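Please brief me on this structure. Keep it short and grouped by topic.

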Amino acid sequence: MSVCLFDRRENRNNGDDMKILITGNMGYIGPCVVRQLRASYPDATLLGFDMGFFAHCLTNAPILPECRVDMQYFGDVRTFPKHILSGLDAIVHLAAISNDPMGKVFEDATHKINHRASIELAIKAKEGKVGTFVYASSCSMYGFAEGDAKSEDSPLNPLTAYAKSKVSSEADLRPLADKSFKITCLRFSTACGMSDRLRLDLVLNDFVAGAVASRKINILSDGSPWRPLINVKDMARAIDWAIGRNRTSGGDFLAVNVGSDEWNYQVRDLAEAVSKVIPNVEISINKNAQPDKRSYKVNFNLFRELAPDYQPQYDLITTIKELKDGLVGMRFKDEDYHNSNLMRIKVLTKLRQEGLITENLEWVQ
Ligand SMILES: NC(=O)c1ccc[n+]([C@@H]2O[C@H](COP(=O)([O-])OP(=O)(O)OC[C@H]3O[C@@H](n4cnc5c(N)ncnc54)[C@H](O)[C@@H]3O)[C@@H](O)[C@H]2O)c1
């Protein structure tokens, strides 16, 4: 069942403007995407669709972020109602089980939500004459990749249920694209930066939180893995580009790495950058750690060529300062934050323990 929480479409008077659906809008990236699209398409009708797993995990939000959409649906993408697609121009598909730890514990649900439901949604969208589908993919599909920076035609090496779900989705989306249905798979770098629903299970956010709460950064690996990063607001700008992109930039189907060469960092460089902004921070490296299997450098030439006006604008130091200010604004002091609801897996585990969701990640009625 899906429920529409509110509908304020009568506030929009221009019926000819864009109508865009954002699934998974009530997570970390979603609120930034809604703000970006509201600024780029002031007269658009924006619809949100989410199951609300993390709806209560607000972080310093000045207003409920969903007040910025025109309609908010509360539902499961696995049972997506077709009627919502009526008259839509574009779908931004963010809804997913969004990291490796959740994918490991809820493997079957991850496959069904991230892969199967995404393809079913795309098929329904195409049948419903929605012209544009933007899929939030991930550079994690390169897995452990030694040597040169990986470009879009490099071999994929997905190591986890999460990364595999993104590879399968891209593979099954590709044949659906044609003149009437433009698909863009944005292979995002690891996100970082402040949001109305901040996550601390992302590497840079974790380091800044450790520095703010306890003046300590614990690197679980030996610090050597490569990880490309991107600020959430730059992700939102890339989504904006993908909605409007002309077919001459990338064709009916495009899978493109999203990030920038300057943001290919080794994990220890990230910790050192944090310690420059937040002084007196102790960095501990696990010298005995097994080599981290997730290490990849990514080549962003294609994105630079296709989207010159939508290149990432944020730099690392600005992002660290923004995170620090956001955490200070939250009066964040929790040294035990790895067990808090700022970690997505902890939220789902708690909902499970309290009997509020099933092992298949469905709400218990
Ligand atoms: N955060 C990153 O570093 C990163 C990097 C690359 C790609 N991505 C992708 O971007 C998207 C958004 O990531 P995020 O960081 O905002 O994740 P998030 O976990 O904060 O948000 C995901 C949202 O999807 C919703 N959702 C999950 N299952 C659903 C279902 N069955 N039906 C309806 N809604 C459902 C959740 O309630 C949540 O609001 C995901 O697809 C993720 O894989 C994220």
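Which backbone oxygen does the side chain of R197 reach? The side chain of R197 reaches the backbone oxygen of A55, at 3.3 Å.

This is a predicted model, in which local features need pLDDT of at least 70, side-chain atom pairs count only at pLDDT 80 or more, and totals for chains, interfaces and linings use all residues. Residues are numbered from 1 along each chain as its sequence is written, and side-chain values use heavy atoms, with hydrogens and water left out.

**R197**

- R197 sits in the loop between β8 and α5 (203-214). Helices (H or I, at least four residues) and strands (E, at least two) are DSSP runs, numbered from the N terminus.
- R197 is buried, with a relative accessible area of 0%. Buried means under 20% relative accessible area, exposed over 50%, and partly exposed in between, with a 1.4 Å probe and protein chains only.
- The C-alpha atoms of R197 and K82 are separated by 28 Å. Along the chain, R197 and K82 are 115 residues apart.

**The ligand**

- The ligand is surrounded by 31 residues. The closest are D50, S98, Y162, A191 and R199. A residue counts as near if one of its heavy atoms lies within 4 Å of the molecule.
- By class, this shell holds 16 nonpolar, nine polar and six charged residues. Ala, Val, Leu, Ile, Met, Phe, Trp, Tyr, Cys and Pro count as nonpolar, Asp, Glu, Lys and Arg as charged, and the others, Gly among them, as polar.
- β6 (132-138), α4 (161-173) and β8 (190-192) each supply at least two residues of the shell. β6 gives the most, with three residues.
- A polar side-chain atom of S98 lies 2.6 Å from an oxygen atom of the ligand. For D50, a polar side-chain atom is 2.7 Å from a ligand oxygen. I29 uses its backbone: a polar backbone atom there is 2.9 Å from an oxygen atom of the ligand.
- Taken alone, the ligand exposes 830 Å², and the protein buries 98% of that. Accessible areas come from the Shrake-Rupley method with a 1.4 Å probe; for residues, only the protein chains shown count as cover.

**H93 and its polar contacts**

- H93 belongs to strand β5 (residues 90-93). H93 counts as buried, at 1% relative accessibility.
- The side chain of H93 makes a polar contact of 2.7 Å with the side chain of T23. Another polar contact, of 2.9 Å, joins the side chains of H93 and S118.
- A polar contact is a pair of N or O atoms within 3.5 Å; within protein, one must be able to donate a hydrogen and the other to accept it, and residues adjacent in sequence count only if both atoms are side-chain atoms.

**Cysteines**

- The structure holds zero disulfides. A disulfide is a pair of cysteine sulfur atoms within 2.5 Å.
- C32 is in no disulfide, and the nearest cysteine sulfur, that of C192, is 11 Å away. C32 is buried, with a relative accessible area of 11%.
- For C185, the closest cysteine sulfur is in C139, 12 Å away and too far for a bond. C185 is buried too, at a relative accessible area of 0%.

**Helix α6**

- Helix α6 covers residues 232-244. At 1.5 Å a residue, its 13 residues should span 18 Å, and the end C-alpha atoms are 19 Å apart, which agrees. The expected span of a helix is 1.5 Å times one less than its number of residues.
- 11 of the 13 residues of α6 are buried, so α6 is largely enclosed by the rest of the structure. Among them are V232, M235, R237 and W241.
- At the start of α6, a side-chain oxygen of N231 reaches to within 2.8 Å of the backbone nitrogen of K233.

**Exposed residues**

- V105 is in helix α2 (residues 100-105). V105 is exposed, with a relative accessible area of 54%.
- K129 lies in the loop between α3 (107-127) and β6. K129 is exposed, at 72% relative accessible area, and its phi is near 65°, a positive value in a residue other than glycine.
- R331 lies in the loop between α9 (316-329) and α10 (344-353). R331 counts as exposed at 69% relative accessibility, and its phi, near 55°, is also positive.
- Most residues other than glycine have a negative phi.
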